[in-house]
Amino acid sequence: MRLFAPAPATIPIIFHIYLVVIVMHALFWSSSFVLPSALRAAGDARFTTVVSLISMWSFRIGFGYLIGIVLGYGIFGIFVVMSSEWAIRAIVFQLRFHGGRWYRNKLI
């Protein structure tokens, strides 16, 4: 954390952000970003694109602004929202993958 010489008052905030991101990254990041790439490769690009855009604009932008700015949780709140968006995307893409509708797409 001291690589960029942050102000001493920000070190606890940075540490808490690291904890949230590391835990959520280990649990949800791969499912929320690698799985949609596999679905796109299988011809399910429309669904993955729509889900990605909706989740980004509603959660990262909308809830990030609400929680980080309006409710005053600052950067920590924004990182919690971003990490929660990974979990929501992972759940949606897991449901899509296990549902099998993507398998019916014709590639050629």
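Reader: What is the relative accessible area of Arg-60?

Author: Arg-60 has a relative accessible area of 29%, so this residue is partly exposed. Buried means under 20% relative accessible area, exposed means over 50%, and partly exposed lies in between, with a 1.4 Å probe and protein chains only. Please note that this is a predicted model, in which local features need pLDDT of at least 70 and side-chain atom pairs count only at pLDDT 80 or more, while totals for chains, interfaces and linings use all residues. Residues are numbered from 1 along each chain as its sequence is written, and side-chain values use heavy atoms, leaving out hydrogens and water.

Reader: Which residue forms a salt bridge with Arg-60?

Author: The partner of Arg-60 is Glu-85, and their closest N and O atoms are 2.7 Å apart. The pair links distant parts of the chain, with Arg-60 in helix α2 and Glu-85 in helix α3, 25 residues apart. Helices are DSSP runs (H or I, at least four residues), numbered from the N terminus. A salt bridge is a side-chain nitrogen of Lys or Arg within 4 Å of a carboxyl oxygen of Asp or Glu.

Reader: And Glu-85, buried or exposed?

Author: Glu-85 counts as buried, because its relative accessibility is 1%.

Reader: Why can such side chains pair at all?

Author: Side chains of opposite charge can pair when their charged atoms come close.

Reader: How many salt bridges are in the whole structure?

Author: A search of the whole structure finds two. Asp-44 forms a salt bridge with Arg-96, with 2.8 Å between the closest N and O atoms. That pair also connects distant parts of the chain: Asp-44 lies in the loop between α1 (11–41) and α2 (45–70), Arg-96 lies in helix α3 (residues 74–99), and they are 52 residues apart. Asp-44 is buried at 4% relative accessibility, and Arg-96 is buried at 14%.

Reader: Changing topic, where is the kink in α2 centred?

Author: The kink is centred on Gly-64 and amounts to about 30°. The bend at a residue is the angle between axes fitted to the seven residues ending there and the seven starting there. Gly-64 is one of the buried residues of α2, which also include Thr-48 and Ser-55.

Reader: What do the buried residues of α2 pack against?

Author: They pack against α1 and α3. After α2 comes Gly-72, whose phi is positive, near 80°.

Reader: Lastly, which residues does Ser-83 contact?

Author: Leaving aside neighbours within four places in sequence, Ser-83 is in contact (heavy atoms within 4.5 Å) with Val-20, Val-21 and Met-24. Ser-83 is in helix α3 and is buried, with a relative accessible area of 1%.

How values were computed:
Helices (H or I, at least four residues) and strands (E, at least two) are DSSP runs, numbered from the N terminus.
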